Amino acid sequence: MTTKGIGAERQHRIGAIEQLEQRLLWLSSWMIHHANHIRPKRDGLKVGGHQASCASMTTIMAALYFHALRPQDKVAVKPHAGPVLHAVHYLLGQQTRERMERFRGLGGVQSYPSRTKDVIPVDFSTGSVGLGVAITAFSSLVQDYLIAHGQLREEAAGRMIALMGDAELDEGNIYECLIEGYKHDLRNCWWVVDYNRQSLDATTADRMFRRFDDIFETCGWRVITLKHGKLQREAFARPGGKALEDWIDNCPNAEFSALTFQGGAAWRQRLEADIGARAGVKKLLDSYDDDALARLMTNLGGHCVETLMDAFDSANDDRPTLFIAYTVKGHGLPLAGHKDNHSGMMNPTQMEAFRTAQGVAQGDEWEPWGGLGDNAAAQLQAFVETSPLARKAKEAEAPSVPVPARLPVPDGAEQSTQAAFGRILLDLAKSGEELGDRIVTTAPDVTQTTNLGAFVNQRGLFRRQELADVFQKAKIPSAQKWAAHAAGQHIELGIAENNFFLMLASLGLAAPHFGTRLLPVGTVYDPFIARGLDALNYGCYSDARFLLIGTPSGLTLAAEGGAHQSINTPLIGMGQPGLTCFEPAYADEVALLMRWAFDNMQRPEGSSVYLRLSTRTIPQIARADDAWEEDAVAGAYWLRRPAPRAEAAIVFSGVVAPEALAAWEELADDIPGLGLLNVTSPDLLHRQWSAARAARWTGEGDNRSHIERLLDALAPGASLVTVIDGAPGALSWLGGVKGMRVSPLGTDRFGQTGDQPDLYRAYRLDSEAIIDAAAELFLNA
């Protein structure tokens with residue numbers, strides 16, 4: 001093709017994308033308007049939808065999706081630009097008018113892009129700002145892991161792209177991610193900043209944009225700033241243009257926004273006052289009428305298709321790249337530049353004027369190509385249908401990884417659940433089973449102290465480039481033999497729990513993202529789960545699958561002091577959707593539940609799994625048979641079965657098993673038929689109980705839950721003493737199942753330094769406290 005032909009083709013492409021940008025602007029604006037002003041409101045509440053935030057992104061998304069994006073690339077869309085994403089897929093025929101008409105309504109388009117709730121392809125859920133940005137970096141690391149392990153071809157590598165608002169750059173987790181990415185030689189990652197300089201409450205700080213270059217370049221990123229569009233660059237080349245360029249570059253954000261809202265006449269008045277006396281400026285300004293001057297002044301890089309295309313084309317290697325695209329919030333709308341436009345929207349009069357300006361006839365508002373002639377519509381539709389985006393394949397159905405019927409139970413008369421976990425993982429590493437090959441472990445700098453060390457010694461650290469162990473080469477004795485190489489299966493992270501959970505989420509999405517299933521296992525000190533709770537919730541909402549090990553936990557940490565003694569984590573486990581929480585007491589329970597977890601993580605209806613473990617070594621118990629296992633997986637089993645219609649039971653969970661067993665032995669003669677119930681999962685029990693009650697209320701069934709069947713063994717008015725090294729509310733609800741009286745023991749206040757016997761006595765977790773609680777129930781009966 002001749003140079004002239006290439007130029008004509010490029011101009012055709014630019015023109016098509018400019019038309020698509022207008023379609024996206026119209027459809028996203030109309031979708032929000034319809035939900036707020038046309039669709040009947042039964043509750044009288046504002047629906048919302050962020051028209052201005054969508055408008056500042058439409059040119060960027062048009063250029064990205066219909067020019068730069070390749071089928072293997074994946075995108076996390078700025079939460080408030082969700083309607084634009086749905087408009088993109090509406091033009092592709094992958095979204096329905098019915099769902100768009102129900103935007104933010106039940107069964108309709110979600111407020112923010114969601115992998116689990118939306119029907120269109122959504123690569124990454126977004127909503128809690130910053131997390132959807134950082135996860136793209138960790139997904140790129142997962143892609144590198146799969147390439148290094150021969151599970152993905154290098155040429156199939158895609159870019160992990162985040163479209164972000166500039167206010168998201170205030171989120172600390174982004175900078176934690178930057179540092180981690182630098183350590184791991186991040187590549188194939190683009191972050192595109194919609195730099196509209198307005199957040200929810202205010203315009204952003206003027207001085208910050210000069211610092212982003214420094215911060216990102218220090219971490220190895222290329223920074224491409226798109227400040228001026230083609231119209232502005234052409235004006236700058238004319239007499240007086242340099243003065244205009246300097247004025248724009250030095251205009252404070254707040255003033256630029258205010259002038260944008262006021263329009264061409266205000267721009268002219270201000271420019272003439274500030275630089276009108278400079279050579280050539282007056283003539284330059286006079287060459288534009290007010291409307292044209294307003295278009296010129298807002299022709300920033302993020303609103304110029306040609307500028308965006310050139311920038312995306314220039315980053316054609318695997319270096320991580322930050323694009324800072326200057327934009328106007330609300331660009332193309334009457335809301336443009338107003339400081340209140342974040343939650344504002346066009347009123348019906350403004351929308352009618354906008355419809356007219358777009359050439360959309362009344363009744364054609366939902367037409368994908370409304371406002372275009374038949375020929376133009378056909379050409380644009382053909383352009384969309386032949387775009388790389390239209391060829392993007394559906395997410396793969398990754399084959400399941402076989403899970404052995406049983407995992408070996410570590411030997412030992414006395415063991416801790418944490419040690420048992422580490423030994424089971426080591427056995428898998430040595431087994432030669434495919435399961436061992438698909439496990440990927442990670443931890444926020446607590447690999448040794450959470451018993452992952454043996455697995456890492458066996459399987460190695462993951463590094464794309466081999467890294468020598470200096471201590472080993474020098475023959476200095478060390479328990480750590482952590483060879484770092486491309487075949488390693490442990491991803492080492494620094495002390496940042498947000499990074500840890502985003503890494504787990506990315507690994508847990510390997511199956512749908514890359515067609516290869518990984519089984520991530522992450523360990524973290526149990527009290528510090530709360531430090532990464534937003535990212536944990538994000539991973540679960542995205543339906544990522546992983547095994548989370550919280551250890552050590554509870555007052556049992558003793559000498560570590562109150563800050564390290566987790567209290568509310570059992571309640572976090574119970575309250576977190578997409579996460580099934582267990583608290584095993586014995587080593588054989590750990591083996592059973594780990595086996596169940598690896599299977600459950602792969603089931604379509606499955607979930608991630610959280611095991612709350614402990615470093616406390618306790619005597620193991622002899623099993624007569626395997627009959628207990630089915631009940632243990634369901635959430636609880638009778639360690640000591642009560643006599644029929646017994647009047648009481650002790651109920652415990654986890655590491656307090658010795659205290660519960662000792663109290664049972666002392667009380668058994670005084671309370672005939674006393675039961676001892678081991679609750680392995682308060683979470684499962686409560687969820688099943690709630691589901692069973694809901695089914696009965698709606699007439700969908702009369703199935704009784706597992707906990708109801710277990711408590712049937714007791715008399716209707718029986719009493720329960722519950723005990724857990726954690727928040728007592730995790731078990732105290734059991735009294736509500738059958739209307740039983742409960743005396744709950746647990747920890748609901750900060751601990752302190754001490755040894756385990758002293759703390760158990762001080763915080764009423766010892767066997768004496770259990771006996772006292774039982775006595776209190778019967779004395780007050």
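Two strands are counted as paired if DSSP finds at least two bridges between them. By that criterion, R640 stands opposite L676 in strand β18, within a predicted model.

**The parallel sheet**

- Five strands form an open sheet in the order β1-β2-β3-β5-β4, and their pairing is parallel.
- The edges are taken by β1 (74–76) and β4 (222–226); each has a single partner strand, so one side of each is left without a neighbour in the sheet.
- On average, neighbouring strands of this sheet are turned by 15° against each other, direction ignored.
- Strand β2 (residues 160–165) pairs with strand β3 (residues 189–195) in the parallel sense, over six bridges.
- M160 is placed opposite C189 in β3.
- Helix α15 (residues 305–314) lies across β3, β4 and β5 (321–326), and runs at about 170° to β4.

**The mixed sheet**

- A further open sheet is formed by five strands in the order β16-β18-β17-β19-β20, with mixed pairing.
- Here β16 and β20 (741–745) stand at the edges; because each has a single partner strand, one side of each is left without a neighbour in the sheet.
- From one strand to the next, the twist averages 25°.
- Helix α28 (residues 657–667) packs on this sheet and touches β16, β17, β18 and β19 (714–724), its direction making about 160° with that of β17.
- Helix α34 (residues 767–779) also packs on the sheet, where it touches β17, β19 and β20; its direction makes about 155° with that of β20.

**Strand β18 and its partners**

- Strand β16 (residues 636–640) and strand β18 (residues 675–679) run antiparallel and are joined by four bridges.
- Strand β16 is mostly covered, with four of its five residues buried.
- Strand β17 (residues 646–653) pairs with β18 in the parallel sense, likewise over four bridges.
- L676 in β18 is the bridge partner of I650, and R640 also stands opposite L676.
- In a regular strand, side chains alternate between the two faces of the sheet.

**The second largest pocket**

- The volume of the second largest pocket is about 1000 Å³.
- Its lining comprises 33 residues, of which A294, R295, T298, H331 and G332 lie nearest the centre of the pocket.
- The elements that give two or more residues to this lining are α1 (3–38), α9 (230–236), α11 (253–262), α12 (264–275), α14 (290–297), α15 and α16 (348–358).
- Helix α1 gives the most to the lining of this pocket, namely six residues.
- Helix α15, which contributes to this lining, is the helix that lies across β3, β4 and β5.

**Cavities**

- Four cavities of 30 Å³ or more are found in a search of the whole structure.
- The largest cavity has a volume of about 80 Å³.
- The largest cavity is lined by 15 residues, and of these T417, P584, S614, G654 and V655 lie nearest its centre.
- The lining of the largest cavity divides into five nonpolar, six polar and four charged residues.

Note on methods. Residues numbered from 1 in each chain as written. Predicted model: local features only at pLDDT ≥ 70, side-chain atom pairs only at ≥ 80, totals over all residues. Heavy atoms only, no water. Axes fitted to C-alpha atoms, helices over the stretch in contact; angles between N-to-C directions. Contact = heavy atoms within 4.5 Å. Buried < 20%, exposed > 50% of the residue type's maximum accessible area, 1.4 Å probe, protein only. 1 Å grid on protein atoms, 1.4 Å probe; cavity = no way out; pocket = protein on both sides within 12 Å on 5 of 7 lines; lining within 4 Å. Points joined across faces, edges and corners; volume = space filled by probe spheres on them. Nonpolar A, V, L, I, M, F, W, Y, C, P; charged D, E, K, R; others polar.
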